[in-house]
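Let's work through some exercises on a protein fold together. Have your viewer ready, and try each task before reading its solution.

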Amino acid sequence: MKHLCIDWSVEAVGQIRLNQSKDNCAIHLKMNVIWLLSLLFLCFGVLSNGSQKNLSSRPAVVNVGAVFTFESTIGRVAKIAIEEAVKDVNSDAGVLTGTKFVLTMRNSNCSGFIGMIGALQFMETETIAIIGPQSSVVAHMISHVANELQVPLLSFAATDPTLSSLQFPFFVRTTQSDLYQMKAIAELVDYYGWRSVIAIFIDDDYGRNGVSALDDALAEKRLKISHKEGIPPGASASQVDIMDILVKVSVLESRIIVLHVNPDIGFKVFSVARYLGMMQNGYVWIATDWLSSVLDTSSPLASDTMDSMQGVLVLRRHTPDSDRKRAFLSRWKKLTGGSLGLNSYGLYAYDTVWLLAHALDAFFNQGGTISFSNDSKLLSIGRGSLHLEEMNVFDGGMLLLNNILKSNFVGLTGPFKFTSDRSLYAPAFDIINVIGTGYRQIGYWSNYSGLSTETPEALYGKPPNRSSVNQRLYGVVWPGETLSKPRGWVFPNNGKLLKIGVPNRVSYREFVSRVRGTDMFKGFCIDVFTAAVTLLPYAVPFQYVSVGDGHKNPNYSKLVHMVAEGELDAVVGDIAIVTSRTRIVDFTQPYASSGLVVVAPFRKLNSGAWAFLRPFSPLMWGVTACFFIVIGIVVWILEHRINDEFRGPPKHQIITILWFSFSTMFFAHRESTVSALGRLVLIIWLFVVLIINSSYTASLTSILTVQQLSSPIKGVESLINSNDPIGYQVGSFAEHYLSEELNISESRLVALGSPEEYAKALQNGPGKGGVAAVVDERPYVELFLSTQCKFRIVGQEFTKSGWGFVFPRDSPLAVDMSTAILALSENGDLQRIHDKWLATSACSSESTEIESDRLHLKSFWGLFLICGLACFVALVIYFFQILRKFRNAAAVGANSTGTGSSRSGHLQTLFSLMDDRSGHTKTGHKKRRIERSLSENDKEDELKSNPKKKPIRNSLEITTSTSE
């Protein structure tokens, strides 16, 4: 029509121009202009009406298909829910105005092939979307068709996590993925402290991929699936097949069983498990939401069926409570007469219809039209009996898909919207416990806050808190009608013994050693292990496996790797707990403290002749001597002018200063101080002397009475900074630590295999082919030093660790053995075992006080020498003075007599000189005593009353003046 209007206008314009050129008639011009305007108006009117009609027109009917199994537990509920949802959509004037929602259902009978055929049939009837299927197996097949023909596939029950939007962009899951259900199970297992589970699953896409998601979720929490058993799908799984599987499971270690199957197989499993006694105390059964769907739909079940499920934990998809949900439940009861319950999948099916209705409404509002086009790929195949050319691509499929993913409304299941990864918002599950004829809810799990007894809706308004303290559930009645949490594992009842590796040590056999001629072992480590095993609440069948050739100690790191690789079930021995080992195995609680220390030879420092000088350093001696002299000079300055005891000839005053200062060391000074300043200086100095004397006495006492030990090695730092060889025990982790952690060259490391080699290498030293020190763990060193008292530990322990028993990663036995070791420590048995095997002598510990020797002359002969020399020098000077006086006296006597004296006279003169006293000293002291005892007035009274004493006073004064 548009092209027709344009052609007419061009012709009219040409006619006008022709008329103007021929006859230039005004009438014809006006008529043609009027005619042209009329045609243009008519043309634009038709165009505008047609455009308005396309914007506002909607199809009278939209065709939607549904594929699921009508007779299944989910299908029976979903069929009614979908039908009711279609009625509600068509009766709601606010959605799809003027368009009827027509839905056609096809029964897939849980067959992927039939489901595929049903989907293909829908594609021939211009179906714009398909609801379903409920089976993940069918969904995988139909999704390929939906992708090719761009028809959105909305599944309310296909929970396989591998149905990814990347592979199947037109697949839309309108329920929660099993990825979240498996996360909930993993957190449940972790909450109760179990380490591994057994997975029994239906061997199809639904079962295999669900268990794979469970494996990943458990691995995130360092848990694992210890064993998997698949059951063939369909009717091919017989009671005998299930019994064979459960018998195999019953002899395994784990007692936590996760059942991920369909209802038909699930009830068979429970029945057989009850028959085999696997629903008794000690077992834990966790069923996925297949069981909750049955309980919600067909409750109450038969008594035999319920009896076979007592204590089972079940997950159910959480749907928040609301007025709309309660109203629909009331309506449901009227529809079904109470014969059929409503499960969560029915609610999701209902909301799926509304989701599609809202998306179609937005699709039409955006100008979308329902049109189909041929698929070039199908046309290239050619015509045939399949009539593939009848299937067309939905042109508006992508626009409809985008509107589906952008939908946001509140349905029966709560807020209904998709996240960026096309999962439903706020995944959550109810956790229920089967009890009696029904079940009890024990809590919730949500991806937002984990396990809780509060509803997820109540927690969404709070900050997320996944800490272990906030994870809680109500009590559970476990299989066997017990309230006590099952341990979750037992020793495998398969007749196999645990292979416990034991190092066949050559040295330090007190820790562990093989009894010659037998397969038995003894020692400290063996006794601790045996005592811990006896405390376990169950029997542990095991056998010792000797590791090592008996000629040298085995490499302990290789022992640990044997456990990690599955060659051994555990290792018992003196195994140090170090970081590199904890990455591949689990250790028990340490039963002995350990750590690397340095052992080196030492020598005793004898006190020696000059030991009395050692309490003070040379600088201390010098400063002390200087202060004695300075204090003497200061006191002399302060006392000289007013104190006669500090006066006299220069020589006398110098001697007084020296005598006064050094006599204060023994508080033996006789000179009194008169001035206040002198007394102040003296009292402070006496206090200092007291401290110095006390310190000197204490230090000298320690030097003389306690043996002093010395070693050129002061600790590990000395070894690092030197180039001397270092010894280590064969098989110990000390080699790796020294070379890798301390960066000591391996050429300096010397392997030593026994305590005797330790002693020989240390005694020889680096100069004779030995070592400067040995680095080893403290328990070995203490045992070594108990018999080798010529060596000692130097420096501090530079690593902190302990010894523990080795088990594979996540072994539950390691946890129970740790508890048993703590019990041994608390009741004192661990210490008694230690004392039995590792009793040490007094010289084994560096903290033990070393026995002191008696004092010998060699410690004091220096003092005696100094004293003897002082005496000798004093006598020499004295006799020199006497001889000088004797010569003077002999010369005076010869001059007076004029003749020589006899020898006896000379001797008499000599002895008289030696026996004579110095008169000035005596007189001087006497005068000072008189002056101190008598005042000036008393002296005058005494002279008046006793005139005979006047010559004596005069004599004293003359003598004093002479001496001065």
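Predicted model: local features only at pLDDT ≥ 70, side-chain atom pairs only at ≥ 80, totals over all residues.

Residues are numbered from 1 along each chain as its sequence is written, and side-chain values use heavy atoms, with hydrogens and water left out.

**Exercise 1. Describe the open sheet of 8 strands and trace its pairing from S15 to S17.**

Step 1. The order reads S7-S6-S8-S9-S10-S15-S16-S17, and the pairing is mixed.

Step 2. Strand S7 (224-231) and strand S17 (450-452) are the edge strands, each pairing on one side only. The average twist is 25° from one strand to the next.

Step 3. For a parallel example, take strand S9 (residues 284-287) and strand S10 (residues 313-317), which pair over 2 bridges. Isoleucine 286 stands opposite leucine 313 in S10.

Step 4. For an antiparallel example, take strand S15 (residues 428-435) and strand S16 (residues 438-446), with 8 bridges. These strands form a hairpin with 2 residues between them, and glycine 436 in the turn has a positive phi of about 60°. Isoleucine 435 has glycine 438 in S16 as its bridge partner.

Step 5. Carry on to S17. S16 and S17 pair in the antiparallel sense over 3 bridges, and a hairpin joins them through 3 residues. Tyrosine 444 is the bridge partner of serine 452 in S17.

**Exercise 2. Locate two cis peptide bonds, at proline 133 and proline 300.**

Step 1. Glycine 132 and proline 133 are joined by a cis peptide bond with omega of about -5°. Proline 133 sits in the loop between strand S3 (129-131) and H5.

Step 2. Serine 299 and proline 300 are also joined by a cis peptide bond, with omega of about 0°. Proline 300 belongs to the loop between H10 and helix H11 (303-307).

**Exercise 3. Are leucine 96 and glutamate 481 buried or exposed?**

Step 1. Use the cut-offs: buried means under 20% relative accessible area, exposed over 50%, and partly exposed in between (1.4 Å probe, protein chains only).

Step 2. Leucine 96, in the loop between H3 and strand S2 (100-107), has a positive phi of about 50° although it is not a glycine. Its relative accessible area is 3%, so leucine 96 is buried.

Step 3. Glutamate 481, in the loop between helix H16 (456-459) and strand S18 (498-503), is a residue other than glycine with a positive phi near 55°. Its relative accessibility is 70%, so glutamate 481 counts as exposed.

**Exercise 4. Characterise the lining of the second largest pocket.**

Step 1. On a 1 Å grid over the protein atoms alone, a pocket is an open set of points with protein on both sides within 12 Å along at least five of seven lines, and lining residues have an atom within 4 Å of a point.

Step 2. The lining has 31 residues, of which Cys110, Gln134, Ile202, Asn262 and Pro263 lie nearest the centre. Elements giving two or more residues to this lining are helix H3 (73-91), helix H5 (136-149), helix H9 (263-275) and helix H10 (289-298).

**Exercise 5. How many disulfides are counted?**

Step 1. A disulfide is a pair of cysteine sulfur atoms within 2.5 Å.

Step 2. By this rule the count is 0 disulfides.

Definitions and conventions:
1 Å grid on protein atoms, 1.4 Å probe; cavity = no way out; pocket = protein on both sides within 12 Å on 5 of 7 lines; lining within 4 Å. Helix = DSSP H or I, 4+ residues; strand = E, 2+ residues; numbered from the N terminus. Pairing = 2+ DSSP bridges. Axes fitted to C-alpha atoms, helices over the stretch in contact; angles between N-to-C directions.
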